Amino acid sequence: MASGEVNLVWLQGGGCTGCSVSLLNSAHPSTRNLLVDQLLPGVHLSLKYHPTVMAGQGQAALSVLDDLPDGDFVLAVEGAIPDREEFCTIGEVDGREVTVKEKFLELAPKASLVVAVGTCSSFGGISSGAPNPGGYRSAQDVMDEAGVETPVVNVPGCPPHPDWISTTLLEYILAGGDASKVAVDPLLRPLSIYGKLIHENCPRRSYFDEGKFAEKPGDPECLHKVGCKGPITYADCPLREWNDGLNWCVKAGGPCQGCTQPEFIDMTTPIYVALEEDRLPKIGEGASVGGDDA
Ligand code: SF4
Ligand code: SF4
């Protein structure tokens with residue numbers, strides 16, 4: 001798979017389309033590289049279906065999903081999947097509404113890889129927040145219940161950084177389409193992106209160690225007391241930064257909200273309330289990868 005066409009199908013379940021918007025803000029690779037030109041020299045991402053980006057509509061657009069090459073496409077899913085199927089339909093075929101759950105479970109067994117893009121499809125996210133009237137769940141949960149064994153990589157974030165999505169696809173392509181060679185943590189997040197806590201690489205860490213805390217968002221000190229979830233959150237935001245390396249939450253004076261974690265959002269709110277002391281790790285100890293004790 002390190003050369004040629006890589007087929008990509010992008011489904012949208014219960015979400016806000018923010019993951020797609022984030023991807024369309026990609027700088028390196030550019031959006032043009034992602035959608036039109038080559039992602040890598042000799043590698044073209046062939047986007048077969050994307051509800052927001054494609055020009056086609058209605059039954060004609062949905063019919064593309066009937067002719068996918070079995071075992072030769074990556075299925076990206078954005079948004080959580082509802083148990084109450086009437087909560088999320090993606091179109092009509094012969095006058096019948098097609099639910100996202102139905103189409104997801106039809107395509108997932110035929111895909112070579114499922115990429116759960118965003119925290120909603122990775123862990124439920126905001127879509128599954130209490131009281132969760134639609135019964136929204138992660139892509140992996142829905143696949144497990146249906147006995148679908150296609151490998152899954154989770155790319156959480158609310159939204160995920162565009163690099164996180166493209167890097168995950170690139171890792172998979174460079175591994176020759178062998179998902180087992182993409183190193184992931186226990187929550188199936190690529191270690192190249194989610195291998196370290198925000199807190200480990202935060203430029204305000206010395207303030208934390210010295211006990212100098214901001215009294216309000218925007219103050220220059222450590223944001224722990226105004227609700228920073230960096231100590232339990234795995235992502236590379238302090239190193240990569242957002243908007244083409246311009247800024248990120250803490251640098252902008254706002255606390256990390258733990259948007260890449262399975263605890264987001266019911267257990268990471270209220271936003272501006274400090275984490276309990278027993279959830280504050282030191283570097284090399286404390287919160288385990290995947291936030292089991294978060
Ligand atoms: S608590 Fe937040 S602001 Fe403070 S050092 Fe950790 S990540 Fe940085
Ligand atoms: S700093 Fe925290 S809340 Fe902000 S994007 Fe990164 S993981 Fe999400």
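**Domains.** I began with the two domains and found that the C-alpha centres of domain 1 and domain 2 lie 28 Å apart. The domain assignment, automatic or taken from a database, gives domain 1 as residues 4–193 and domain 2 as residues 196–285.

**Ground rules.** I keep in mind that this is a predicted model, in which local features need pLDDT of at least 70, side-chain atom pairs count only at pLDDT 80 or more, and totals for chains, interfaces and linings use all residues. Residues are numbered from 1 along each chain as its sequence is written, while chains are lettered from A and ligands numbered from 1 in the order in which they are written.

**The open sheet.** Next I traced the strands, and found six of them in an open sheet of mixed pairing, in the order β2-β3-β1-β4-β8-β10. Here helices (H or I, at least four residues) and strands (E, at least two) are DSSP runs, numbered from the N terminus, and two strands pair if DSSP finds at least two bridges between them. The edges are β2 (38–40) and β10 (152–155), each of which pairs on one side only. From one strand to the next the twist averages 30 degrees. Looking inside the sheet, I saw that β4 (residues 74–78) and β8 (residues 113–117) run parallel and are joined by five bridges, with V74 standing opposite L113 in β8. Helix α7 (residues 162–174) lies across β1 (4–12), β2, β3 (43–49), β4, β8 and β10, and runs at about 155 degrees to β10; the axes are lines fitted to C-alpha atoms, for helices over the stretch in contact, and angles run from 0 to 180 degrees between N-to-C directions.

I then looked up L39, which lies in strand β2. Is L39 buried or partly exposed? L39 is partly exposed, because 18 other C-beta atoms lie within 10 Å; a residue is buried if 20 or more other C-beta atoms, placed from the backbone, lie within 10 Å of its own, exposed if 12 or fewer, and partly exposed in between. Leaving aside neighbours within four places in sequence, L39 is in contact with P29, N33, L34, H44, L45 and L170.

**A hairpin.** Strands β6 (residues 89–93) and β7 (residues 96–99) run antiparallel and are joined by four bridges, and E92 stands opposite E97 in β7. The two strands form a hairpin with two residues between them, and D94 in the turn has a positive phi of about 50 degrees.

**Backbone angles.** I checked the peptide bonds and noted that the one from A130 to P131 is cis, with omega near 10 degrees; P131 sits in the loop between α5 (119–123) and β9 (136–137). Another cis peptide bond joins F264 and I265, with omega about 20 degrees, and I265 is in the segment after α11 (237–240). Positive phi values also turned up in residues other than glycine: T17 has phi near 70 degrees and E241 has phi near 60 degrees. T17 is in the loop between β1 and α1 (18–24), and counts as partly exposed because 15 C-beta neighbours lie inside 10 Å. E241 lies in the segment after α11 and is partly exposed, with 16 other C-beta atoms within 10 Å.

**Ligand shells.** Which residues come nearest to ligand 1? Of the 14 residues around ligand 1, they are C202, F208, C222, C228 and G230, where a residue is near a molecule if its C-beta atom, placed from the backbone, lies within 6 Å of it. Helices α9 (198–201) and α10 (205–210) each supply at least two residues of this shell, which has nine nonpolar, three polar and two charged residues. Around ligand 2 I listed G157, I198, T233, A235, C237, W248, C249, C256, Q257, C259 and T260, a shell with seven nonpolar, four polar and no charged residues.

Terms used. Nonpolar A, V, L, I, M, F, W, Y, C, P; charged D, E, K, R; others polar. Contact = placed C-beta atoms within 7 Å.
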